[in-house]
Amino acid sequence: MTVRPAQGQAVSLRERRQALLARPDLRGRRFCHAYAAEADRWLAGLCEQATGDRERVALLAVGGYGRGELCPHSDLDLVLVHDGRRDVAELAEAIWYPVWDEGVHLDHSVRRPKDVLSAAAADLRVALGLLDARLVWGDHEVASPLVAAARAQWRKRLAASWLPALSAQMSERWARHGEVAFLLEPDVKEAQGGLRDAHALRAMATGAPDLARSADLQAVDAATGTLLAARVELHRVAGRALDRLLLQEQDQVASALGYPDADALMAAVAAAGRTIAWTCTSAWRRRHRWEPPEPGGIGGRARRRRSQAAAVGPPAPPVERPGDEPGVLVVHGEVTLAAGADERADPSLPLRVAAVAAERSATIAPDALRRLSSVTPPSDPWPSEARLALVRLLAQGHRAVDALEALDHVGVFVRLIPEWELVRNRPQRNAYHRFTVDRHLLEAAANAAALAGRVSRPDLLLVGCLLHDIGKGMPGDHTDEGVRLVARVGRRMGFDEDDVTTLVTLCRLHLLLADTATRRDLEDPATVAAAAKLVGDRETLHLLWALTEADGLATGPAAWGPWKAGLVADLVSRVGNALAGEPVDAGPQVRLGERYGALVAQVRAEGHPVVQVDPPRLVVAAPDRRGLLASVAGALALHGLDVRGADVSTDAGVAVEVFVLDVTQARLPDAERLRADLNAVLAGDLDLPRRLEAKAQDYAGARRPSAPHPVEPSVTVDVGASASSTVVEVRAPDEVGLLYRVTRALFDCGLDVVTARVSTVGDEVVDAFYVRDGAGSKVTEPALLERVEQSALDALR
């Protein structure tokens with residue numbers, strides 16, 4: 001039969017899709033099904049225009065299109081199957097080219113049935129796609145046997161081939177994309193607990209009847225619907241294929257789906273991701289219970305032997321009774337409860353079970369979790385056994401996270417600590433944090449376990465880390481709210497009043513060391529004295545030090561690194577000396593002029609700036625002059641360098657400025673080019689403001705806004721933070737040339753910057769400048785202070 005040239009259809013696929021997108025009643029699965037149906041009709045029309053002969057050929061939709069989960073910018077996954085038709089190449093072109101003309105992504109192949117099965121036997125992706133294959137147009141006699149054969153082949157090869165391949169694929173994907181439930185900007189398709197996991201679980205259940213019966217696939221289907229709805233709206237809002245739920249899209253997606261705000265959307269996404277991830281990981285851990293035998297293989301013979309032995313009773317499973325753990329058993333590598341365990345009379349049982357699981361890197365059996373969900377919460381206050389079990393569990397570090405997640409999944413952890421509900425699945429909507437609040441707290445406590453040897457009270461460190469951000473579930477300042485909640489929880493756990501006071505102090509001061517170290521001059525005695533007064537004693541200081549590190553590591557890579565760790569360690573040393581009664585200005589830090597004495601000497605000899613690149617630091621030494629910091633900051637911005645920290649000092653007429661650069665965001669500068677530009681700026685040969693303005697315009701839009709609600713610029717002038725200088729602290733969204741503008745504004749007010757602390761928190765800068773007037777005195781005149789505040793604010797805006 002001759003294939004006729006395609007004439008086009010009255011309504012294009014793109015127009016059909018746009019009409020569906022314009023309908024507010026079509027969300028989630030309803031949109032996907034409607035779009036898939038329109039694509040079916042459009043493709044069938046192409047085929048009918050090309051040939052009226054349906055014999056011995058079939059157009060199959062596979063993968064997501066086959067399931068009817070066609071999001072606005074999903075690919076069309078198609079297989080043209082034929083049984084020896086000579087015109088199949090022409091027919092394929094009559095289909096593929098119009099699809100390409102529509103601008104729709106296409107994944108396509110043309111094969112005979114036996115070749116389709118051969119491809120499915122060799123390629124996991126092809127095999128998975130065929131499980132959802134359905135006929136769009138053509139001969140049922142070609143399509144139906146092929147689809148049935150592909151599914152039978154999947155079941156036959158599941159144990160030997162596909163489970164190992166799926167396991168490897170999923171592990172690699174999880175490592176690359178993280179977890180839907182706990183990320184700030186999760187990939188709802190690829191991350192752990194995402195749509196691909198749901199489809200993989202469904203595919204596994206297709207070939208494993210025991211898994212299909214034991215896994216809660218109904219809950220997974222509901223969770224899939226939540227993520228699919230988010231993905232549809234994400235495509236609709238972005239106008240392109242996008243699976244990562246970016247911060248700047250979350251408000252619009254939430255509004256479209258009827259959530260009160262983006263936090264509610266992300267909580268729902270997190271809950272869905274948790275359900276899918278939990279079901280999926282539980283299935284893998286219990287694989288030995290549901291994995292089908294290989295036909296005719298060892299597994300089949302073993303299963304037959306078990307069946308034959310059933311008449312005389314099953315063999316006793318290997319059972320282990322952990323010492324001093326009444327009611328707790330380990331069976332087949334799973335922690336479970338003994339038949340006679342009285343879960344209603346032992347409030348410490350859930351935490352003891354979780355501790356055993358963490359200690360052995362084992363899982364908690366589903367039946368045990370069901371029984372534990374009925375345990376009566378401990379009395380108020382808790383018996384010491386419950387508190388000790390919690391500390392024992394937390395002391396297992398990262399091995400404790402899975403056990404705690406298991407308790408949380410069945411509602412046990414919230415019953416133990418009702419305040420946990422306030423932070424459960426709660427997003428932190430800034431780029432500084434990578435986890436939801438609840439997961440951040442678990443990760444912080446896990447990090448603290450490795451630091452417990454540095455403190456005299458590991459129990460207070462572990463519990464303090466677990467609770468330090470509990471106030472983020474309440475309106476208002478999270479530290480103020482946290483102090484109130486931590487006092488309540490600490491008393492309920494049975495800590496005495498002195499310990500409760502320490503836990504409250506850890507919550508109230510959990511930001512003190514990091515903020516002081518990065519925003520204040522550590523060589524200023526007032527800085528050290530103020531911190532020592534707040535901390536009170538060395539035991540609390542070392543608890544705060546460990547908490548600060550554990551918190552920073554759990555927050556994200558921007559929150560903790562060698563630079564910040566060094567600053568915090570320096571501050572702790574100085575505060576510790578002060579608390580021991582030593583002079584507050586004593587400390588190990590060498591002044592910049594001494595540390596870079598060779599550069600200072602070179603500047604004095606030559607009279608020109610010297611630039612030294614020592615990744616991630618960049619050091620500039622130059623003859624001191626008013627406005628020098630602004631000039632250097634402008635030159636760095638001109639070279640596209642992101643400054644993450646800066647220290648400035650003066651040594652007998654030579655200024656030494658040390659900048660810490662974000663070397664992951666920009667390549668290191670050429671020292672000679674930077675020196676040449678700096679000389680040009682100082683000589684007045686380079687119009688820095690004009691060049692920076694042009695660069696800012698060039699970069700406009702290049703950096704996507706990570707926060708949907710950027711921080712409002714603010715300026716704080718503090719005359720009491722230092723004995724010899726006035727501290728000007730600014731907060732604003734990070735922008736090209738911002739450091740230059742602020743330092744220039746201070747210079748225009750007649751001030752000298754003697755020390756600066758520059759830090760970037762996500763996409764927000766928090767900079768502190770120690771300034772003096774032209775006579776070298778502290779700025780205290782109210783009129784000048786007001787002018788400084790307004791000038792700096794104008795520069796930020």
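Student: At what angle do helix α15 and helix α17 pack, and how far apart are their axes?

Tutor: Two packed helices are described by the angle between their axes and the distance between the axes. In this predicted model, α15 (residues 349-359) and α17 (residues 384-394) pack at an angle of about 20 degrees, with their axes 9 Å apart. Axes are lines fitted to C-alpha atoms, for helices over the stretch in contact, and angles run from 0 to 180 degrees between N-to-C directions. Helices (H or I, at least four residues) and strands (E, at least two) are DSSP runs, numbered from the N terminus. The angle makes α15 roughly parallel to α17, where angles under 35 degrees count as roughly parallel, over 145 as roughly antiparallel, 65 to 115 as roughly perpendicular and the rest as oblique.

Tutor: A word on sources: residues are numbered from 1 along each chain as its sequence is written. Local features need pLDDT of at least 70, side-chain atom pairs count only at pLDDT 80 or more, and totals for chains, interfaces and linings use all residues, while side-chain values use heavy atoms, with hydrogens and water left out.

Student: Which residues of α15 and α17 meet?

Tutor: Contact means heavy atoms within 4.5 Å. From α15 come Leu351, Arg352, Ala354, Ala355, Val356, Ala358 and Glu359, and these meet Ala386, Ala389, Leu390, Arg392 and Leu393 of α17. Sorted by class, this contact of α15 with α17 has 9 nonpolar, no polar and 3 charged residues; here Ala, Val, Leu, Ile, Met, Phe, Trp, Tyr, Cys and Pro count as nonpolar, Asp, Glu, Lys and Arg as charged, and the others, Gly among them, as polar.

Student: How do α24 and α27 pack, and at what angle?

Tutor: Helix α24 (residues 512-519) and helix α27 (residues 562-579) pack at an angle of about 100 degrees, and their axes are 9 Å apart. That makes α24 roughly perpendicular to α27. Among the residues making the contact are Leu513 and Ala517 of α24, together with Trp563 and Leu567 of α27, and the residues of this contact divide into 8 nonpolar, 2 polar and 1 charged.

Student: Which residues touch the most other members of the largest nonpolar core?

Tutor: In soluble globular proteins, nonpolar side chains tend to be buried together. A nonpolar core is a set of buried Ala, Val, Leu, Ile, Met, Phe, Trp, Tyr and Cys residues joined through side-chain atoms within 4.5 Å, and buried means under 20% relative accessible area, exposed over 50%, partly exposed in between (1.4 Å probe, protein chains only). The largest core holds 95 residues, and Leu43, Leu59, Tyr65, Leu76, Leu80, Trp154 and Leu211 touch the most other members. Helix α7 (residues 140-177) gives the most to this core, with 12 residues. A second, separate core of 91 residues includes Ala341, Cys465, Val500 and Ala531.

Student: Are Ser361 and Asn425 buried or exposed?

Tutor: Ser361 is exposed, with a relative accessible area of 55%, whereas Asn425 counts as buried at 6% relative accessibility. Ser361 lies in the loop between α15 and β8 (363-364), and its phi is near 50 degrees, a positive value in a residue other than glycine. Asn425 is found in the loop between α19 (412-416) and α20 (437-449), with a positive phi near 60 degrees.

Student: Where is the cis peptide bond with omega near 5 degrees?

Tutor: That cis bond runs from Asp380 to Pro381, and Pro381 has its place in the loop between α16 (366-372) and α17.
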